Amino acid sequence: MQGGKSSSAVGAAKEAVANVGASAWAGKEKTKAVVQEKVDKVKAHDPAAKASAEAKKQERIQEVEAVKQDAMRQNAAAKEHATALSYHPTPDADREARAVAVEGPGAGPAAAPRAGSIDDGRLPAGAGHAVGTLHARGTAGGRSM
């Protein structure tokens with residue numbers, strides 16, 4: 001995996017775990033609010049106290065949901081921040097990306113041939129290795145200098 005992709009995957013996994021934790025906490029708090037409302041209704045003898053217990057429960061559930069949503073937004077922002085920190089493009093990265101020609105099915109006549117290729121845009125025989133990949137001897141293409 002490339003560095004950017006793996007750190008992005010790790011960031012996504014961390015965000016998902018944090019979101020699961022926030023949801024679990026919110027579920028627990030909502031359940032506590034419901035149980036407390038039932039206890040308050042049982043203890044209450046007049047309809048106003050029972051209505052107050054219901055309103056208190058609804059308010060608590062809304063508070064918990066707001067805290068959960070805020071936590072999820074913070075988790076997403078933390079993931080984006082971590083992903084942005086791990087992405088360090090080189091000054092020539094954009095130019096190099098535009099210079100690489102598209103090959104294979106769907107390339108069409110608009111695709112420019114790559115350096116060292118014949119007119120059909122394919123690499124010459126024996127040049128099927130990836131450009132810039134380090135091989136056994138530590139140099140591009142595996143040749144010693």
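This is a predicted model: local features need pLDDT of at least 70, side-chain atom pairs count only at pLDDT 80 or more; totals for chains, interfaces and linings use all residues.
I started with the fold: going along the sequence, the pattern reads α-α-α. That comes to three helices and zero strands, where helices (H or I, at least four residues) and strands (E, at least two) are DSSP runs numbered from the N terminus.

Residues are numbered from 1 along each chain as its sequence is written, and side-chain values use heavy atoms, with hydrogens and water left out.

Next I checked confidence, given as pLDDT (the predictor's confidence in each residue, from 0 to 100). The protein averages 74, and 54% of the residues score at least 70. Over residues 131-135 pLDDT stays under 50, and the model has 10 contacts beyond four places in sequence for them; a contact means heavy atoms within 4.5 Å.

Then I looked at contacts overall: of those between residues at least 6 apart in sequence, 47% join residues at least 24 apart.

How much of the protein is buried? I found 12% of the 145 residues, with buried meaning under 20% relative accessible area (1.4 Å probe, protein chains only).

Last, I picked out asparagine 19, which sits in helix 1 (residues 3-43). Asparagine 19 is buried, at a relative accessible area of 16%. Leaving out residues up to four places away in sequence, asparagine 19 touches Met72 and Asn75.

Definitions and conventions: Buried means under 20% relative accessible area, exposed over 50%, partly exposed in between (1.4 Å probe, protein chains only).
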